[in-house]
Amino acid sequence: MSSMSLWKRISSHADCEQRMAAYYNKKGLYDLRLCLAPWIEDRIMSEQITPNSTNQLEHVAVKFIEDLQQKLLSTRASDQVLKYRLVELCALIQRTPALELYTHLRSGVQKELQLAAEKSVAVASAGQSMPLNTYNMNNAAVAAAVGMNTGYVDASDLLGVAGTGVSPVAGGMPAGIMHNMAETAAPGRVGPAKMELYEVHNQIFQSFNEFTTCSESLKVLVQNYRYMLNAPNSPDAERLFKSLIEDKAALVARLRRSFMFYDQLQDMVITELKNWRRQQALAGNGAQFSENMLDDIQRCFELLESFVTHLLTAVKETLLVRIVNDDPDLNCLLEQVQVAQKNLVCSAFIVDKQPPQVMKTNTRFAASVRWLLGSQLGIHMNPPTVECIIMSELQAQRFVTRGTHMDVTNGSLAGQSSGEIQNCSSTMEYQQSSHVFSASFRNMQLKKIKRAEKKGTESVMDEKFALFFYATTTVNDYQIRVWTLSLPVVVIVHGNQEPQSWATITWDNAFADIVRDPFVVTDRVTWRQLSVALNTKFGSCTQRALTAENLEFLFEKLQRDNIAGERNEYISWNQFCKEPLPDRTFTFWEWFFAIMKLTKDHLLSMWKAGRITGFINKAKAHDDLLRAVTGIGTFLLRFSDSELGGVTIAYVNACGSVTMLSPWTARDFQILNLADRIRDLDMLRCLHPTDVNVQPLDRDLAFGDFYTQRAEPTPRVDGYVPSTIRVQVRTSGDTGSISGTPHHPMQSPPQDSMSMGNLQNSTIMHL
């Protein structure tokens, strides 16, 4: 093939590009296709071995996704927006099953080839048409692996890219439903669902309109039935009786068909809501999250409710046409429609504003729940009161195993609470302008908590609870209790319990399945999965994503007891936050969390500007500085391996060797910030290149924007002499010379100096 990429040829035709953009956006892969266009094409087109089985295809897909992840992590972004988009793409890839993502990209490339052939897109350099299929593509194997038949046509072809057309009914089922049945949403999927919701909304509207044609047939059936009842001795009675049997059978068949379509559409919408809730959990770790998508989901819920209400009415009216004594099939359909309606109503009750996931007792917090049916059921005319209790993991499991939702029972659930919450009830309110029907809890406070008995090494920071919101109301003549659970929360009583508590929450948010028993989560994940979670957490907290080099350093830090030096791609929960690091008294998470907090509280602007190397071990820092062309005075900043929440400076001293200063922590930066400390040390001349700043920078150029302006001391009217605080470092082996000494040092005993960790690195007050 020529040097011109396939995607460039496609993008030269606006209609082709628009069509393929719609296709890739179904899985949120459009930006990925743009970002890595040549790599994706070369990789897919170089696959010469046709997979002969699902297992082989899955193996190819897994390897492809692993390499794709590494390619993204190694991609250098030119601006901050692109950096965050790369992080999002990594999260998307990690959340989407490898086979699903690979087959979607593979099919997309083939569609591009077909489009290019149809458009006769010319190759500029060669002046020839693009080949239709330049690589081995076994579509039958791909289709079988993802559960499709080979006659599959995607929704963008059927509905049109702009969504202006609707396909004819194929095989008795709307094509959009066929498409969504073929491509089932994957657990943990994170991608733009707006286009999909738009299509689903259209499909609901289309199916609803098709169903409404039944009303005329039902009206005729009822009229004929009444006529037969009023004229039993009519000469046409026998003919009319046979006609009624046929007409009713035809109507029941249409009702069944309408319910089949409805049931599939309801599953799609509820799946989208589950995906939204999964994204809500990822947002707890700092991932980007569009809460506005909930409005689009609500529109689908409201249309479904209108659909199922009319369907239920039609089934009941058809049952009144009693031609035979028993009608078990229609009674069964009635029960199915009633169950579907109840599931729809109950599934629409959700937590839209989550409570804090690390919850401290006697501390105020807020949350809110929302019912996505708005005014559809008329409940807003007599709004129910929503109650809230806190449940243990075991209690939550018991409720979930009873079924998705419970029928109303006598009495309150307050006695089943695992704690005492103040201000735990709120009446729902309906906002006419936004159609939002919700209950806000603005001033809740957890006063007491009942804990379960701990086993083995379990601690209170490992114990998960959840807020349980419930309300009782009447819907269509039957009373139900709707309920929903918040995301898991960990309850603490002291601030020093925060780090381990956030380990529990971060792991759960990142790796829990959409549908699970509360709050079961895997105890080991691949490094690829964990790296995305750490990157998301650190990037959202510090506003700068980790680089591939940073992540490789973190991976090496997690590898312990590995004498052979082999890479273990799986990281366990114990490695993550339970087992101390080698020769340390703290775990990986405690170390990582302390750095994250230090960076956010004291180093944020310098970290964002790329002035801190950070994640580099002592040996590599030593070697990099010795190889630096800028020589004496070259320095870098790295996070301490030995002290929690510490940052240290390594620099090339006057002898040409490397000196490491003892770490500074948050306590030190409360006295004097990092930039001012660097300014005080004259031996620091040139900042070594970092992952962000690829060229060495003069010290004052690198940190000048972060210096605090120091005013010249002026005499005070009260007679006191003002003082300043500056950092000094004693050169190794010195008998008295001090680097960075001001012209007028204060003559005071050594014990009055404020020690910063050792004799080499101290902060001195000067007059």
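How many aromatic pairs does the count come to?

Tutor: This is a predicted model, in which local features need pLDDT of at least 70 and side-chain atom pairs count only at pLDDT 80 or more, whereas totals for chains, interfaces and linings use all residues. Residues are numbered from 1 along each chain as its sequence is written, and side-chain values use heavy atoms, with hydrogens and water left out.

The count comes to 40 aromatic pairs. Rings of Phe, Tyr and Trp (its six-membered ring) pair if their centres lie within 6.5 Å; planes under 30 degrees apart count as stacked, over 60 as edge-to-face and the rest as tilted. The pair of Trp371 and Phe437 is stacked, because the ring centres are 6.4 Å apart and the planes stand at 5 degrees. Trp371 belongs to strand β3 (residues 364-371) and Phe437 to strand β9 (residues 436-449), so this pair links distant parts of the chain, 66 residues apart. Strands (E, at least two residues) are DSSP runs, numbered from the N terminus. Trp371 counts as buried, at 1% relative accessibility, and Phe437 counts as buried at 1%; buried means under 20% relative accessible area (1.4 Å probe, protein chains only).

Strand β9 also holds Phe441. Phe441 and Phe469 form a tilted aromatic pair, with 5.2 Å from centre to centre and 55 degrees between the planes. Phe469 lies in strand β10 (residues 465-475), so the pair ties together parts that are 28 residues apart in sequence. Phe441 is buried at 2% relative accessibility, and Phe469 is buried at 0%.

Key:
Helix = DSSP H or I, 4+ residues; strand = E, 2+ residues; numbered from the N terminus. Buried < 20%, exposed > 50% of the residue type's maximum accessible area, 1.4 Å probe, protein only.
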